[in-house]
Amino acid sequence: MFGAVMSNPKLCKPLLEMILGEKINRIEYPELQKTIDMQYGSKGVRLDVYVEDEKKTVYNIEIQATATRHLPKRMRYYQGMIDMNIIDKGGEYGSLKKSFVIFICTHDPFDEGRYVYTFENRCIENPDLSFGDETTKIILNTKGSVGEISEDLKATLRYIDGEDPQSEYTVNLRNEVEDVRVSEKWRREYMTLMMRDKQNKKLGRYESAVSCVRELYGEIDDSRIMSMAKITQEEYDAILRCITEHTDWDDEDIADWLIEEFE
């Protein structure tokens with residue numbers, strides 16, 4: 001839903017301006033947002049929002065509705081996937097773009113009560129010395145109360161946290177949400193994403209099972225391996241056949257075959 005609503009530049013651009021506290025002339029939606037999930041399959045990410053401004057600065061915005069211990073590493077992973085995709089398109093290291101990875105969280109990941117947490121890479125010995133990799137990570141806390149932010153951004157965070165709209169922008173957000181909810185196109189896309197996520201979970205389960213069998217076969221009893229890998233005898237036998245007969249297949253190749261065979 002957030003990705004669908006933010007596909008409207010009249011809502012996405014003002015949100016970025018509120019978060020950054022500066023004017024953006026225009027934004028565009030490059031193909032990276034659509035390709036990054038497909039390119040890396042179950043190991044990739046599906047970005048909620050990926051846009052660039054007129055200076056080719058990259059902005060990735062995500063909603064994080066559940067608390068997780070690994071939020072910083074998840075943001076690091078998102079940054080890495082974005083950079084890798086740019087390099088894979090033929091770019092050199094110097095062509096990597098200035099980027100902001102922004103997570104809007106409905107919990108406080110650092111328990112300091114701040115509205116905004118901004119992180120850049122700087123020298124520990126000399127904090128005034130920037131690393132110069134042009135990456136910034138911003139975490140917004142919808143339950144924050146500490147720090148100076150605009151009233152519009154406060155109202156937006158409260159709205160995302162479940163409160164009624166209290167500004168012109170949040171009223172526009174609510175109206176867009178209602179429009180998207182009745183959109184048949186969005187419903188079809190949502191169902192497609194749900195099916196793909198379900199498929200990726202199956203792929204991940206089988207990849208873990210294959211890895212377990214590879215590591216433990218011949219070391220412990222078959223029954224224990226099956227119990228640890230959470231697979232049936234039939235699946236176990238099929239994995240062993242694939243490992244033996246297709247020595248060039250990796251775990252993901254075998255997992256793909258297992259899905260076709262058993263699902």
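Me: Buried means under 20% relative accessible area, exposed over 50%, and partly exposed in between (1.4 Å probe, protein chains only). How does glutamate 120 count, then?

Reply: Glutamate 120 counts as partly exposed, at 44% relative accessibility. Before we go on, this is a predicted model, in which local features need pLDDT of at least 70, side-chain atom pairs count only at pLDDT 80 or more, and totals for chains, interfaces and linings use all residues. Residues are numbered from 1 along each chain as its sequence is written, and side-chain values use heavy atoms, leaving out hydrogens and water.

Me: Good to know. What do the side chains of glutamate 120 and arginine 122 meet in?

Reply: They meet in a salt bridge, 3.2 Å from N to O; the rule asks for a side-chain nitrogen of Lys or Arg within 4 Å of a carboxyl oxygen of Asp or Glu. Arginine 122 is also partly exposed, with 42% relative accessibility.

Me: And how many salt bridges does the count come to?

Reply: The total is 11. One of them pairs lysine 56 with glutamate 28, whose closest N and O atoms are 2.9 Å apart. That pair links distant parts of the chain, 28 residues apart: lysine 56 sits in the loop between strand S2 (49–53) and strand S3 (58–64), and glutamate 28 in strand S1 (residues 27–28). Lysine 56 is partly exposed at 40%, and glutamate 28 is partly exposed at 28%.

Me: Which residues are linked in a network of salt bridges?

Reply: Lys13, Glu17 and Lys23 are.

Me: Switching topic, how many helices and strands are there?

Reply: There are 10 helices and six strands. Helices (H or I, at least four residues) and strands (E, at least two) are DSSP runs, numbered from the N terminus.

Me: Which residues form the negative surface patch?

Reply: Asp221, Asp222, Glu234, Asp237, Asp248, Asp250, Asp253, Asp256, Glu260 and Glu261. Patch residues have over 30% relative accessible area and no salt bridge, with like charges joined within 9 Å and nonpolar side chains (Val, Leu, Ile, Met, Phe, Trp, Tyr) within 5 Å. Asp and Glu count as negative, Lys and Arg as positive, and His and the chain ends are not counted. Each charge is placed at NZ of Lys, CZ of Arg, CG of Asp or CD of Glu.

Me: Where does the largest share of the patch come from?

Reply: From H10, which gives four residues. H9 (233–245) and H10 (251–262) each supply at least two. Aspartate 237, for instance, lies in H9 and is partly exposed at 32%.

Me: Last one: which loop is lysine 230 in?

Reply: The loop between helix H8 (222–229) and H9. Lysine 230 has a positive phi of about 60 degrees although it is not a glycine, and it counts as exposed at 69%. Glutamate 134 also has a positive phi of about 60 degrees without being a glycine; its loop runs between strand S5 (116–120) and strand S6 (135–141).

Methods
Areas by Shrake-Rupley, 256 points an atom, 1.4 Å probe, with all protein chains shown as cover.
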